[in-house]
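Okay, thanks for coming, everyone.

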Amino acid sequence: MTTIAQSSSTSGAVTPNQPASVGTRRYEGPPSGWWFAGPAVAIIAVFFLAPIAASILLSLTDFDIYALADWQNLRFVGLQNYIQLLHSERFWIALHNTLYFVAIGGPLSVAASLGAALLLDSKLTRLKVVWRTVFFAPVVTTLVAVAIVWRYLYHTKYGLFNLALTKLGFEPIDWLGDPQWAMPAVIFLAVWKNFGYNMIIFMAGLQSIPSELYEAAEVDGAGPARRFWHVTLPMLGPTFLFVGVTTMIGFFQLFAEPYVMTQGGPGESTYSLVMLMYEQGFRWWRLGFASAVAMTIFALTLAATLLQVWLQRRAGA
Amino acid sequence: MTLIRLTENHRQRCATAIWSLAAVVMAIASVSGCGEAQETKTVVNFWAMGAEGERALPLIEEFEAAHPEIVVRVQQVPWNAAHEKLLTAFAGNSLPDVCQLGNTWIAEFDALGALTDLTDRVAASEQAGKIEPDDFFPGVWQGNVIGKRVCGLPWYVDARLLFVRTDILAQAGHAELPRTWDDWLEAMRDVQAIQPAGSYAMLAPTNEFETPVILGMQAGADMLREDGRYGDFSSEAFRRAFEFYVGIFREGLAPKDSNSMISNVVQEFERGTFAFYVTGPWNVQGFRDRLPPSLEGKWTTCPWPSPDDSWPGVAIAGGSSLVMFENASDERRQDAAWQLLEFLAQPRQQVRFTECTGNLPPGAKAWETSGMRSDPLFAGFYKQLQNVRPVPPAPEWEHIVTGELVKRADAAINGRQTVDEALAELDQRVDEILEKRRWILDRQARVQQ
């Protein structure tokens, strides 16, 4: 067991001989290097860094339609937008809903991806290409079209899910009309829509595990469950980190599913942070306040990502 | 020209290539020639929303036939993207010359300084006997006047009122349509008494702000005070209306969760799931087409009851206006744009527009000539339009009612808050929204001093 853990940790480090100080090391090559990096750096600066800086500045003002008409109507308000945000009831509702979605939907999505990847990776599976395409299809279909179809599936009277439930002897559920069930319905759709992407990444991860490890474990007398637990999972560590972080970042940006299916309802039960931002920014045109919401979402996502990286490092160590 | 000369120098070498090139050049020349010919005409850009953009095209063709020097480019904008698109166009200085604008947006775009003041042009046109401002319903016209400036011309109107199943009402012992709130409440109670379980006296979707606002107007509430500086929802008048509104749901006369419960309004109306339904003119034709013949004469449109003896009670003046945007376009374009506005706002074109779209005309004359007034289902609207009023002219109005009023009403209806708590919180939230407006108005007042 220890050998496996060691091999995975050494394969993870890029240059084991040098101390890892990439962040502090200065560039010492010829100046022509800057010319090669220049175009990319310039594009990033103009299209990425500058808008972020502008957005941060905007979040410290009360930019709105009045300011759009006349710059004299723009006020610097410091952290007022953030304070107002923290005092607004809707922010907490949206935060609660978003965290609910991330905490339940994220792990479910990763689990579904891993399960599908394992099934497809199995030597017993036939028609792998077909299944892979079928599972990946939801990822590449337009979300709005999918959401409209799913709204039919969730329909109280004529929906497929309720038909199945009543056939099995359960009470029909008002999926999108009941505040209790609306979020689970949205989560279910999001998981179905997204698991194919992570499945592909997991499959790549599974294929890169050397078969010798499994053979060695088998010789040592490990059954399928122990092989999965002690070989597959540790070897998928870096893949897990990547999948976990990207999935979480994506799930924090919950917007299109409730926007199309429920408009944040019923009773604000699917109202997300990004919806709050959209509503403030593009419906009421309070761009200053909306920028503050955007910055808050960014800070939350960053914090959650760092936490996840730290947890996985600790688990890996 | 240079290109052609160049090709002629090389004619000997490759004649076929030259011919084809010449053909291309000629094509380009002829296309650009077309463009030049068009340049002598004045182009007016016109944005129209939703179905109007398509159905109004015959009128635009008539206008172009009557004004050969003007070309109108119509762009259709879907309603749900219109507001965003207009604001973006304003920010990017690419607004059209003429635009259809929802009545409730006029104040907002006036606050942006985007609208052309039409006062002088309207006065001149009135003297020339073209536009007749007095012919428009007063409440509708008022919505196009901000301060003393005319900012738009009414294009079509709508007003919410009650669709009523008169047969159910008669069964419950009410042969007459209700004219006061007391009559109405009594009628609803009597209807509810004979309705089976799962059916109601009224349907008023709780996600629509119009019903509580209309009832508030009827009770005499202004809803905003001091020129839109503060919310005034806790006033005695609005409180009375709000209590009446919330009471309808709490008493079980209307369903609380109507948004998700009713999937097909026409079907439920036919079944008699409710006897009163708050809706607007856009539903008349649909109901007429889809309800079975057996229901003919068993339903009608009913102007709002009133809290006192003055019938009908007031309703919101809805609909769309035509405006001109104050952008960089030159004098000639502005004149051409005005001619289009003037053309569309005259009674004769109002009739044509009604024929094309089914929308309600904004002036009384067009109601007479189009025959709408004698249509039994539209007669209720004609009566109602005598008493309509615009919503308060604050740009924040839509945010206030759709963002806050609806939520507090929902809280009161479902018993999470008392009426007083809900209204106090509503005023507090509205005051927060209006903070910027107060600051700007106060600064303007200081500058003027």
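The cut-offs here: a residue is buried if 20 or more other C-beta atoms lie within 10 Å of its own, exposed if 12 or fewer, and partly exposed in between, with C-beta atoms placed from the backbone. A:Arg313 is found in helix 15 of chain A, residues 287-316.

Some housekeeping. This is a predicted model, so local features need pLDDT of at least 70 and side-chain atom pairs count only at pLDDT 80 or more, while totals for chains, interfaces and linings use all residues. Residues are numbered from 1 along each chain as its sequence is written, and chains are lettered from A and ligands numbered from 1 in the order in which they are written. Helices (H or I, at least four residues) and strands (E, at least two) are DSSP runs, numbered from the N terminus.

Now a helix pair in chain A. Helix 6 of chain A (residues 128-140) packs against helix 9 of chain A (residues 179-207) at an angle of about 120 degrees, and their axes are 7 Å apart. Axes are lines fitted to C-alpha atoms, for helices over the stretch in contact, and angles run from 0 to 180 degrees between N-to-C directions. That angle makes helix 6 of chain A oblique to helix 9 of chain A; under 35 degrees would be roughly parallel, over 145 roughly antiparallel, 65 to 115 roughly perpendicular, and the rest is oblique.

Who's touching whom? On the helix 6 side of chain A you've got A:Phe135, A:Phe136, A:Pro138 and A:Val139, and the residues they meet in helix 9 of chain A include A:Trp192, A:Tyr197 and A:Ile200. Contact means C-beta atoms, placed from the backbone, within 7 Å. By class, this contact between helix 6 and helix 9 of chain A has eight nonpolar, two polar and one charged residues. For the classes, Ala, Val, Leu, Ile, Met, Phe, Trp, Tyr, Cys and Pro are nonpolar, Asp, Glu, Lys and Arg are charged, and the others, Gly among them, are polar.

Next, the chain A to chain B contact. It takes 13 residues from chain A and 13 residues from chain B. On the chain A side, helix 3 of chain A (residues 65-69) gives the largest share, four residues.

Over to chain B. Four of the five residues in strand 3 of chain B (residues 98-102) are buried, so that strand is largely enclosed by the rest of the structure. Strand 3 of chain B runs parallel to strand 1 of chain B (residues 42-49), joined by two bridges, with B:Trp47 opposite B:Cys99. Strand 3 of chain B also pairs antiparallel with strand 14 of chain B (residues 318-324) over five bridges; pairing takes at least two bridges found by DSSP. There, B:Gly102 has B:Ser320 as its bridge partner.

B:Trp311 and B:Pro312 are joined by a cis peptide bond, omega about -5 degrees. A:Gln263 isn't glycine, yet its phi is positive, near 55 degrees. A:Gln263 counts as partly exposed because it has 13 C-beta neighbours inside 10 Å.

How values were computed: Two residues are in contact if their C-beta atoms, placed from the backbone, lie within 7 Å.
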